[in-house]
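Please keep the sequence and the model in view while reading.

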Amino acid sequence: MASQEKKRNITWKEIKKQKVLIIWSAIIVAYGVIFCYLPLGGWIMAFQNYKPKDGLLHSAFVGLDKFKQLFSDDTFIQVIRNTLAMGVINLIVTFIAAIVFAILLNEVKSNGGKKTVQTISYLPHFLSWIIVTGILHDALSSSGIINELLLKFHILDQPLNFFAYPQFFWPIVAFANVWKETGWNAIIYLSAITAIDPSLYEAANMDGAGRWARIRYVTLPGIKPTIMILLLMNVGNVLNAGFEIQYLLGNGLVKSVSETIDIYVLKWGISQNDFAIGTAAGIFKSFVSIVLIVIANQIAKKNGEERLF
Amino acid sequence: MRKKMAAGAAAAAVVMAVLLAARTANDHESGDIKEFTAFFDVSENEINEGNEIMELIAQKIGARCREQWLVGKSAEDAIAGFIASGEYTDFISGSVALYDAGALVPIDQYWDNCPNIKNLMPAQKWEQFRQSDGHIYWIPQFGVVHGRSVEVLHEGEAFWIQTRVLKWADYPDIRTIDEYFALLEAYAAENPVMKDPFHPGEEMDNIPFTVLCDDWRYFCLENPPQFLDGYPNDGSCIVDEETMTVLDYNTSETARRYFKKLNEEYHKGIVDQEFFTQNYQEYLQKLASGRVLGMVDQWWQFAYAVNGTLEIMSDQGCGYVPLPVTIDRSVENQWHVKRGAELSAANGISITVSCEDVEGAMKFINDLLDEEIIKLRYWGVEGEDYNVYENGVYYRTPEQRAAARNPEYSSARFCMYPYFPRTEGMLSDGINAFSPEYQPGEFFDALVPDVKECLLAYGCKSYVDMLGTNEEPGPWYPMYSYSEMLSSESEAGRVWEQMNRVKREYLPRIIMTDDFDGMWKQYMEDYEFCQPEIFLAEMQKELEHRNMP
Amino acid sequence: MEKKKENNKIKTSVWDKVFVVCNTLFMVLFVIITLYPVLNTLAISFNDGTDALRGGIYLWPRKWTLQNYSTVLQRQNLITGAYITVARTVLGTLLALAANAVLAFIVSRKDFLFKRELSLFWVITMYVNGGMIPTFLLYRGLHLTNSFWVYVIPGMFSAFNMLVIRTYMAGIPDSLEESAQLDGAGYTTIFLKIISPLCKPVYATVALFVAVGQWNSWFDAMLYNRMSSNLTTLQYELMKLLSSVTNQSASAEAMKNAAGTVTPTSVRAAATILTMLPIVCLYPFLQRYFVTGLTIGGVKE
């Protein structure tokens, strides 16, 4: 398990000792500054009335106007709510699904079976959302298979158009995510599970532990660091709940719950040739993400868990 | 061992990459044939390099052009990317943003040696293209008609109906929206299902009426009121010719009657219960299955996609024909306007400042407008892609038609330069149209049997005959070319966006609601709240501007 | 004591069997649900385009044809695209793996002086983005545009992959490093000879992620290498093929005058299957690295 950090004083002796590490770090940081931080200069677009012809340097400066425009628009607030809601739901649901799937798969005895199931499970990841939403749309339509089943079992007397009702939208999106990404998301957990020391399992068996005990006391703790790190990372991504699914599955009736920040930016920013709005929204998202991960990281630190930094 | 393999693979990859990169060089001049590049902000099929007709044209005029199309993201992003980079293709067709960015070359400074371009339109029409600095920056690509215009295809909007419905009712005279729906109801009552040609013995439900509301394609839901009142497709408003004022068709009595009708039909089950949640793909699937008896839509939105399958079901009469429907029998329709009329001054192809050979580029377009080249572009090579009757009329054999429709063959053989300028209408011989699609005889012969039979029953030879054709309403037409250019910069543009938002939200609801009158009142209130008068005032200004002699 | 054990054994037997049955059922169900969209796409890819438009194809093509595949495979620049894609996948994966592994190693050293700062530096990069245009301007300034290198250099370091590897490395007992240091090994040796061999599973995982990312890339080809048709990627060529009805912001005006070409859903399906195949073949190759356990050759934690 991860042992405690030893806080060292920054002495010349220490620096000499870690020479190799520091040199490499410097190179890597230089790379990071160039490729990741330098483009952030483009954030100035959010404070300008950006026109392609004027470019970044000459577009008129408008201060916080774009932000004011965004936050005074009720639709934008609604859109934030939608994105956040779908983000949180997706996070929880896909997390649980991937972990549960990985653990259950690990319990499958046959190696061949394990491999086959795993290979099949991540295939949907390669299908584009266009294809997956197409299938989903079809299945949930009035003449689709879901309605057929519901009618057959007399749960409904009339076919239900699932896409006409806002309350179904978020669950449908969550389901689509689980369907498509569980197998792929589980890859990390499965590889973490293989890293667990087999002698721990042997020891557990010797103590008479049954399957559940094995999972609870060996497997889960074994992949806990991975779970924590992924959880922390994805907490920051909660506002990136997507664009494609919502764009493809949404329609006017469910608009109030289906539009995300990215769709808003497309409709009200880019399509109107207003690029500053997109950048402003992006800055907002970054800001929220960083706040979230700092908080999450602190909580993790307090509980002695694996942390991001 | 594995490390060695990995290192080896890496080395091989690097070598491959370097070789390929070195191969770049400039393929720009292969021999004496000039090569240009062009970018269009729409998605079309990229034809093959070494395309046969492209080479033929290249031999004749000494130049070819590699066309690039929009892939993936939106047009605005693509154009903004170009502007940000400052590097453009030689030709570009995009938005006004390019002009604003100073990326375009003034055409009128170079066109003295290019008679085809200069004479493409009368000087008065060219004036519409002049920008505020006095120069012209783009050349229109479509809708320029020389000679007699051939009106066979109706590319615009209409209320379409399947031939079998008309046949069943013995080809009645349908002129109003009430009659249209009454017919649909009657047919649907008698014929709720149809035979499934792909699963013999099985049946499919007929869908009497549907309409598409997917994203930006929802105009067919919202703009019928203008047509039903007998006005042409100005798109964002109605122009009253007598008083020269701009009117709003969204709040008219006709609009209310029309949507009320849709509401009634929806509750009777005539309007597709899923019309509002279906996406474009599903809509096309429904049409292609042959089950939809009628819809309101624009030709290009469905025809190319589904006519292929409908042909196969011709024996069941699944082809569509348009009907001249208005709100009352007393109102004359203007569904179809002559082809030359809808010339938009907002779009065109331009030459960019990245082009190193502007004279050559101008000559390229000029040559493409030569009749001989236009024939190569649209008809192909005589004897191979089309034949000629003794009286000089061009035609295609069934094999030639099939070949033209085959995408693989097409990519290798045909080079239409579809988004480069062309002259439409008849060729100089006066008997052949510029393209097989518009060739009257060819058009009629190529028609599917059930559509042919139906047209003949009405004494028509083309889709346009069913609707009647109309002259260009006036120099201002179409007004939508102006509203399309409005952006959130101007107040009118913002108001326009708001109006659309309200419409998109309410229209499906007023069709689906049980309380039409209440919902309509609410809709009107919210609509008025957007202050549409600001938008209309702006359109009025533009109307007057366009109407100036 | 003995009795208790026996009881436990009997209890676990029954529950265990139930569990195995349920688990198997669950896996079967899962496989069916996950496999369905893939089989569906496969079926559509072998179905005639015009016929596919009518919908209603589920697991079996209705009107068999190989036309879709031939349309895709006969696409002109496909071969060039394939070469470039393979090159960038191989090179990009190796570079990214090496880069992220090194970074993860540094950051996972318990006594590294700037551990926290370096981690924070990289974590933030995951959530901030300058935007498409500034990034483009930067690459252009660095002469990365119109070049192969734009495919592999900018993406080399990635906080996500680094964190995955770091987590794994942190799970390796310190004692290994310590005993190596006692033997006089420097950080480089420790990285190459001690830590890396134990990281096979996570390296394979990250390699898979990066490889898939590289394989599927087309947006960068479009943005940065638009003018160099010999630097096109496989996916970009396929995307060009799929010029069709899913246009997000086409103008009605343009569509009205279109040449009328619509790419069938079936071609899209064929393109998807073709893209998927190599990755599916890649995974079994990597599976051998998902070997159980760390070989602990010395001190037990």
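In chain C, residues 24 or more positions apart account for 74% of the contacts with a separation of 6 or more; two residues are in contact if their C-beta atoms, placed from the backbone, lie within 7 Å. This is a predicted model, in which local features need pLDDT of at least 70 and side-chain atom pairs count only at pLDDT 80 or more, while totals for chains, interfaces and linings use all residues. Residues are numbered from 1 along each chain as its sequence is written, and chains are lettered from A and ligands numbered from 1 in the order in which they are written.

Chain C contains 14 helices and zero strands, where helices (H or I, at least four residues) and strands (E, at least two) are DSSP runs numbered from the N terminus. Of its 301 residues, 45% count as buried, that is, with 20 or more other C-beta atoms, placed from the backbone, within 10 Å of their own.

Chain C also touches chain A, in a contact that takes 70 residues from chain A and 76 residues from chain C. On the side of chain A, α2(A) gives the most, with 10 residues.

Chain B holds an open sheet of four strands in the order β2-β1-β3-β12, with mixed pairing; two strands pair if DSSP finds at least two bridges between them. Strands β2 (63-68) and β12 (350-351) of chain B stand at the edges, each with a single partner strand, so one side of each is left without a neighbour in the sheet. Two bridges join β3 (residues 91-93) of chain B to β12(B), and these strands run antiparallel. B:Ile92 has B:Ser350 of β12(B) as its bridge partner.

Key
A residue is buried if 20 or more other C-beta atoms lie within 10 Å of its own, exposed if 12 or fewer, and partly exposed in between; C-beta atoms are placed from the backbone.
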